[in-house]
Amino acid sequence: MEELDSEPTVTLIPGVNSQKKQMCFDWGPGEMLVCETSFNKKEKSDMVPGCPFIHIIRKNEDVYSQILRKLFNESHGIFVGLQRLEEELTGKSRKTQLVRVSKNYRSVIRACLEEMHQLAIAGKDPAIGRQFSIQVSSLSAMELIWNLCEILFIEVAPAGPLLLHLLDWVQLHVCEVDSLSADVLGSENPSKHERFWNLPGNTQTLTELELKWQHWHEECERHLQDGTFASSPHLESLCKVMLGDEAALLEQKGLLSTWYHFLVTRLLYSHPTVKPTDLHFYAQSSLDLFLGGESSPEPLDNILMAAFEFDIHQVIKECSIALSNWWFVAHLTDLLDHCKLLQSHNLYFGSNMREFLLLEYASGLFAHHSLWQLGVDYFDHCPELGRVSLELHIERIPLSTEQKALKVLRVCEQRQMTEQVRSICKILAMKAVRNNRLGSALSWSIRAKDAAFATLVSDRFLRDYCERGCFSDLDLIDNLGPAMMLSDRLTFLGKYREFHRLYGEKRFVDAASLLLSLMTSQIAPRSFWMTLLTDALPLLEQKQVIFSAEQTYELMRCLEDLTSERPVRGEPDAQQLQDDDVETTKVEMLRLALARNLARSIIKEGSLEGS
Amino acid sequence: MEEIYAKFVSQKISKTRWRPVPPGSLQTTETFATGSWDNEENYVSLWSIGDFGNLDSDGGFEGDHQLLCDIRHHGDVMDLQFFDQERIVAASSTGCVTVFLHHPNNQTLSVTQQWTAARHHTGPGSPSCSSAPCTGIACSNPEIVTVGEDGRINLFRADHKEAIRTIDNADSSTLHAVTFLRTPEILTVNSIGQLKIWDFRQQGNEPSQILSLTGDRVPLHCVDRHPNQQHVVATGGQDGMLSIWDVRQGTMPVSLLKAHEAEMWEVHFHPSNPDHLFTCSEDGSLWHWDASTDVPEKSSLFYQGGRNSTFLSHSISNQANVHQSLISSWLITDPTKDRIEITSLLPNRTLSVNSLDVLGPCLVCGTDAEAIYVTRQLFS
């Protein structure tokens, strides 16, 4: 647990002259941003060169973060499984399921604990070993608290089995810390109480047990009074302990490592059939007796006390303050919420506590370069603000490779986040266009169903064609398939290429009608009409008549449309005059060719076949 | 299919590959390599599967695969292949291709060769040469072929500093995967749903054959060639569709099988039992497709057996005249004789399964949930 009575460590920011300049900072989910401001510390403005960088400061968790990642990943699996637990399970079977989930969580914590413990004792560097040990004790405390919460809140053990569970709890945790002392005291207890409780049965009612215990207790007292053990002071104090004599127990304080060990031992010998609601009396007095006014309770003690008092909110609140990450409180609160133990505790922005904690935890995961994929599932199960948080976070994941982008897109598509899909695809398509990967750009715009971008890509292709006189990336254009329908420009591109292909195959009549339809159906951009008409020239000049009279009229109409639109320019300069010349020549040639073709086609259509 | 072991390894696994056994050896494989991705420091690691019965009493260490050695890798590991017994080739998201050598005596990995500048974008907007991720590798000793997001194909030979052959602008979109068909021929798949066959004996920069999907041009992510019949190829697409192609016949797939709900990342024919096919996907599942026709009691269209078998719709494109002299069960086009049994191998749904590999009775796969699953009893 974090102690606040040690001096905070000082971290120097390289490049920033902290003597002269002031720094500003901002907290993020797991990191802090720091940069230099232009405010000087002293009044006189020294012209000190400023530091232009923004620094990211992060706690050095490299040491144990590898093992904690296993905790995050495994618990993610358990979390998702818990959410999918069907609502129809009620009563006992649901409770068994929930207890099993709780035990799963705890076993994951224990596994990490074990691994870290191994590393702590095996490591050679004492500083790293210390860090590991701190983390080990932190995890150990977490498991302790979780276990107690499981017994009190999830298992909801009634009087009788309650003490058994508490005994297990203490044994589990005390034994691992100090096995030697526990052996001495612990070994006495099981033999005595196993004989006594008759464990497998549990068919006895509470009253029967109470009677039996009463009987046994009286017998012990009688032995003490009769002085049976007078000869051996050791045995006598043992008898006193078994009678639950507080003073005797306190004498063994050295062997009882913690106040809750004291509490449970005390309960075992004086009030074994303690009811859950009475626990907190004994807990408070045990704590006071054990500490004896020498030391004040630590955060862990306060948390356990709150648990004994069945104040769940207090437990969660104290844990949030004491522990350094949200993992523990988020998962525990979620589990308790599934047990229907938390009333909707309205926080000031409206969502309940479980959701608040899960959102905090998931935001922290998104700040990690790798664990963001886990965060997605947590956001999914926050009904109020989860989706909107996910939308904000998912757009900001840095996309270094296409494969990562595909995974992010899949997440968005599965949740119908069309805006995010569109914006991510647009970013990727722009990058592709800049790198001259027009095929990739097109495939991204197809995925986002982004007609505007498809038009942009097609324009690029057409521009390349005009500049170079041939198409690049024929493999793409020839194989557009149904994607061609995405945008008009794209359809035009496909059809135009088809025209070239038909021409290459010498299927002139088909090519001609295709060319004409491209113009008349308005899918060709106006700027391209000149090129199309120029393409028609060789067809007009062929020996055989290809364009019919009707078609020739159409072509003429298009040409007139085009030329009549020419804006009147002001002061033409030399280059423009030259361009105009070229244009005029082209138009004249076209007019001539069209007129000649018209003549020929009229004659051809007018004459009889074979004459 | 029993007993699959999982182990959480604190890194997202992008590729897993079994080490090949020496030819003629009767042993099963015991070592596999993994590559990680999306970490600030990525690693290529070698793992060993020990003897069974090593289960720890504590729940944490269920898997019996142990880390042998690892080495830092710059950038995400985009593809990983064993070049031979000791050498591993890795493709990086920085565009770099690295050959690692494993030293068995002291269990370390070291870099023996690296081709760094092989992959870049050129274009009016890109500053000089911005690097492009390398997405796929195919090895056929002594040659290594790589493809990447820049649409370029590079042919390397081990121990040669420069690329032997480069096909620039082989594709206007991203090439996702590559495999050898016959030694001078390779097959690539791209993100506009096309398969292209390239012949290195020819000088030009044009593919010798292009095949593509009908309908939507869904990007294809993975490809694998049938071990015995070099004209049969399986591909997996972005919509989770599995397609089987016969590259001698026509330009369309022979069969299309609707499989996963999300991108299919890898498809593998089993190298010694090619009637078995394995696929893994972004939807977190790993499927075993069993098309063996020697078990009489399998009923025709309904799939049973296995813990989580699923019924699939099966659509076949019109392919006439499949030459029947050497029938592969994958090329059967008659639905009434169809007998593919599908089993899901992972016990519960997880995050994306990025990679799988099969060799003999062993299967390994790696997931985005930072877990590696291994089984040594694939056909029990």
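Student: What does A:Trp169 touch?

Tutor: Leaving out residues up to four places away in sequence, A:Trp169 touches A:Leu144, A:Asn147, A:Leu148, A:Ile151, A:Tyr260, A:Leu304 and A:Phe308. Contact means heavy atoms within 4.5 Å. Keep in mind that this is a predicted model, where local features need pLDDT of at least 70, side-chain atom pairs count only at pLDDT 80 or more, and totals for chains, interfaces and linings use all residues. Residues are numbered from 1 along each chain as its sequence is written, chains are lettered from A and ligands numbered from 1 in the order in which they are written, and side-chain values use heavy atoms, with hydrogens and water left out.

Student: Which residues have the most contacts inside the largest nonpolar core?

Tutor: They are A:Trp169, A:Trp259, A:Phe308, A:Phe328, A:Tyr496 and B:Leu286, in a core of 183 residues. A nonpolar core is a set of buried Ala, Val, Leu, Ile, Met, Phe, Trp, Tyr and Cys residues joined through side-chain atoms within 4.5 Å. Buried means under 20% relative accessible area, exposed means over 50%, and partly exposed is in between (1.4 Å probe, protein chains only).

Student: Which helix gives the most to this core?

Tutor: Helix α3 of chain A, residues 126-154, gives the most, with 14 residues. Helices (H or I, at least four residues) and strands (E, at least two) are DSSP runs, numbered from the N terminus. There is also a second, separate core of 19 residues, which includes B:Val232, B:Ala234, B:Leu331 and B:Ile342.

Student: New topic. How many helices and strands does chain A have?

Tutor: Chain A has 26 helices and 3 strands, and 45% of its 611 residues count as buried.

Student: And how many in chain B?

Tutor: Chain B has 0 helices and 31 strands. Of its 380 residues, 59% count as buried.

Student: Which residues of chain B does the "repeat: WD" annotation cover?

Tutor: According to the unreviewed UniProt entry, it covers residues 213-255 and 257-299 of chain B. UniProt positions are given in the numbering used here, feature names are shortened, and annotations may be inferred rather than shown by experiment. In the model, residues 213-255 of chain B are 0% helix and 44% strand, and the end C-alpha atoms of that span lie 11 Å apart.

Student: Back to chain A. How many residues of α19(A) are buried?

Tutor: 9 of the 10 residues of α19(A) are buried, so this helix is largely enclosed by the rest of the structure. Among the buried ones are A:Leu438, A:Trp444 and A:Arg447.

Student: Which helices do they pack against?

Tutor: The buried residues of α19(A) pack against α17, α18 (418-434), α20 (451-468), α21 (474-477) and α22 (488-504) of chain A.

Student: At what angle do α17 and α19 of chain A pack?

Tutor: Helix α17 (residues 402-414) and helix α19 (residues 438-447) of chain A pack at about 10°, with their axes 13 Å apart. That makes α17(A) roughly parallel to α19(A), a label for angles under 35 degrees. Axes are lines fitted to C-alpha atoms, for helices over the stretch in contact, and angles run from 0 to 180 degrees between N-to-C directions.

Student: Last one. Is B:Ser10 buried or exposed?

Tutor: B:Ser10 is buried, with a relative accessible area of 2%. B:Ser10 has a positive phi of about 60° although it is not a glycine.

Notes. Parallel < 35°, antiparallel > 145°, perpendicular 65-115°, else oblique.
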